[in-house]
Amino acid sequence: MTKRTSAFSITLWVALAAAAMAPLSRAQNMTAAETHGQLNRDFDKTELHLLPVQGNIYMLVGDGANIAVQVGKQGILLVDTGFAQLSAKLVAAVSKLSEKPIRYIINSNSFADRVSGNESVRRAGATVTGANVAANITDAGAGAALLAHENVLTRLSAPTGKQSPFPPGAWPTDTFFGAEKPLYFNDESIQVLYQPAANTDGDVIVYFRRSDVIDAGDLFNTDTYPVIDVDKGGTIEGVVQGLNHIVRLAIVAHEEEGGTLVIPGHGHLCDQAEVVEYRDMVTIVRDRIQAMIKKGMTLDQVKAAKPTRDYDPLYNTNDFWTADMFVTAAYKSLTAKP
Amino acid sequence: MRIVNQLGAGCLLLFAGLLAPAQQIDLSGNWSPRFHEDQPERIPGPELGDYLGIPINDAARLRAESWSPSRLTMPEQQCRVHISPYIYRGPLELRIWLEKDPETQQVIAIRNYISTYEQNRTIWMDGRPHPPEYAMHTWMGFSTGKWEGDMLTVYTTHIKTGWLRRNGLAESDHATLVEHFIRHDNNLTHVSIVTDPVYLTEPLIKSQDFVLDNQYNGNWLWPCESVEEVVLKPDDVPNFLPGENPFLKEYLTRYPMVPEQALRGGAETMYPEYQLKIKK
């Protein structure tokens, strides 16, 4: 083991030990929907799996949400950090891919199953901070850089004097306001693309251009309807726009298969075809609810009409984000006054 | 003495079993389909709203009734491949060959090249496991095979969403497929059994026949490139609202002898007993 690795390991385990001291202190703030129904899971028995995607990208499965892992000569980049209780396992898993530290974390939104591990995983990483770091970047002590849309910071923090949903160590260190945040890391151009008013008001998709892989965040799942948190600025229209954005970005290879691969928020690895299916489903359900609203139907009447019933065997598969909840969120966002 | 004889016979059988080749029959060759079975569905194509003989549930029916053929004009839908449970139904040329380990000459896989959509399919024969649930799905899925006497039986998982019938009846990506390839001289019968917990109430069983083609004169290519066929609004997905699809009655008008209930599919109308029921 090299001296660098040893120093990194010490930093890592100290950070993880600190994180383990206060993992669920703010769990009360998490809803079942934004944790994908995993609040009561047995984290000790959880196994994480790394699936090679293509190029520099792996998909980490088994944590809260799917996590994209980019690995290269400069270090490791993660899209989201899963649950704090699984941070040690996450760091151990990605450390098998590289001895280099975690340098960047991107949060795809503010849902608990994506950001709960921010503090512990970030502290296990390292950032090149400037002149005071001599030779070894793991001496920096600042942890990995944590990038997100500004609205994620707003959701994770709180005005002075109020209790924030997540501790300051979990907050993004680098935010952006515009449509896109470009990044170049591990010989790869990375586009962090803002999707306004989608699942929340702070969603991004992450496009790894050289590897040709898109992390879709919560816009796209293979096992449930999209979670739309209307109170946090989410709308069904924004989800449709986001899915269309992914469909346009993804270029298929021979006979509509492969090419750009897409990591869903939850579920199995995909290419454009599955996103098209999901986009079609969300659009069709939106059209139906919109038509019912035009007829003057109330929310209860719309729910009773079951506008999702042809897709329910596929996506109404749990009690944390049911078809009724999805229809309610869609109805509310379609009837909200601008 | 009798016991010894029995033991001897047992040993002989065991020895014969060890010597028996794992593969009983060779499926290699170029095969051309014959369309005497289910021809109207397979060549001109199914009518809109015709779900006869498919054990669908209500969810499948609503999804199909909302489907608009205009969706096929969308660039991302134009080259969409027929999945392995469906692709053997249509016009195609089928080439089958063996992939062998060069060291041992054991069969590693049975390969299929299907001319429609230029699909390459691998049926693994080396006992490897299927991938984990989170692995990618493909049009052809992940297939493993085994010989059951002279019949090749194939099990496929990880199939993308596709058609139960190409008039809007969707098969979900939870479906699994069991196939039997049965060769009789120069004829090949392919039986497929689809189990879809999402859209079928019982397995869907189909069969199709092929004839060995020694002339090698088929069309083996299927280049497909999507184009802009019609102008669609940026976020438009052509579909019909429930109860508003005007094309579902066309079939009934053309074939008034078919009961509407049967046309709408479902296991309850699939079997001969249903004829007795409607006669009452």
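## Tyr58(A) and its surroundings

Beyond its neighbours within four places in sequence, Tyr58(A) is in contact (C-beta atoms, placed from the backbone, within 7 Å) with Leu50(A), Leu51(A), Pro52(A), Val53(A), Val69(A), Val71(A) and Leu97(A). Tyr58(A) lies in strand S2 (residues 57-61) of chain A. Helices (H or I, at least four residues) and strands (E, at least two) are DSSP runs, numbered from the N terminus. Tyr58(A) counts as buried because it has 23 C-beta neighbours inside 10 Å. The burial scale uses C-beta atoms placed from the backbone: 20 or more others within 10 Å is buried, 12 or fewer is exposed, and in between is partly exposed. Tyr58(A) and Ile263(A) are 205 residues apart in sequence, yet 9.3 Å apart in space, C-alpha to C-alpha.

This is a predicted model: local features need pLDDT of at least 70, side-chain atom pairs count only at pLDDT 80 or more, and totals for chains, interfaces and linings use all residues. Residues are numbered from 1 along each chain as its sequence is written, while chains are lettered from A and ligands numbered from 1 in the order in which they are written.

## Chain A overall

Chain A has 10 helices and 13 strands. Of its 338 residues, 54% are buried. Among contacts in chain A with a separation of 6 or more, 65% join residues 24 or more positions apart.

## The mixed sheet

In chain A, 6 strands form an open sheet in the order S8-S9-S10-S11-S12-S13, with mixed pairing. S8 and strand S13 (270-271) of chain A stand at the edges, each with a single partner strand, so one side of each has no neighbour in the sheet. Two strands pair if DSSP finds at least two bridges between them.

S8(A) (residues 180-185) and S9(A) (residues 188-195) run antiparallel, joined by 6 bridges. Glu180(A) stands opposite Leu193(A) in S9(A). Their hairpin has 2 residues between the strands, and Asn186(A) takes a positive phi near 55 degrees there. S9(A) also pairs with S10(A) (residues 203-208), antiparallel over 6 bridges. Here Gln191(A) has Tyr207(A) of S10(A) as its bridge partner.

S10(A) and S11(A) are antiparallel over 3 bridges. Tyr207(A) is bridged to Ile214(A) in S11(A). This hairpin has 4 residues between the strands, with Asp212(A) at a positive phi near 60 degrees. S11(A) and S12(A) pair in the parallel sense over 3 bridges. The bridge partner of Val213(A) in S12(A) is Leu261(A).

S10(A) is largely enclosed by the rest of the structure, because 6 of its 6 residues are buried. In a regular strand, side chains alternate between the two faces of the sheet. Asp203(A), Ile205(A) and Tyr207(A) point one way from S10(A); Val204(A), Val206(A) and Phe208(A) point the other way.

A nonpolar core is a set of buried Ala, Val, Leu, Ile, Met, Phe, Trp, Tyr and Cys residues joined through C-beta atoms within 7 Å. The largest such core has 136 residues, and Val206(A), Ile246(A) and Val262(A) have the most contacts inside it. Helix H7 (residues 272-294) of chain A gives this core its largest share, 10 residues. Leaving aside neighbours within four places in sequence, Val206(A) is in contact with Ala68(A), Val79(A), Ile106(A), Ser108(A), Ile190(A), Val192(A) and Asp215(A).

## Helix H6

H6(A) has 14 residues and reaches 20 Å from its first C-alpha to its last. That is close to the 20 Å expected at 1.5 Å a residue, where the expected span is 1.5 Å times one less than the number of residues.

Buried residues in H6(A) are Ile236(A), Gly238(A), Val239(A), Val240(A), Gly242(A), Leu243(A), His245(A) and Ile246(A). Their cover includes S9, S10, strand S11 (213-215), strand S12 (261-263), H7 and helix H10 (323-335) of chain A.

## The contact of chains A and B

The contact takes 29 residues from chain A and 29 residues from chain B. On chain A, strand S1 (49-54), helix H6 (236-249), H7 and helix H9 (312-315) each supply at least two residues of the side that touches chain B. H7(A) gives this side its largest share, 11 residues.

The residues of that side of chain A divide into 12 nonpolar, 6 polar and 11 charged. In this division, Ala, Val, Leu, Ile, Met, Phe, Trp, Tyr, Cys and Pro count as nonpolar, Asp, Glu, Lys and Arg as charged, and the others, Gly among them, as polar.

Note on methods
Two residues are in contact if their C-beta atoms, placed from the backbone, lie within 7 Å.
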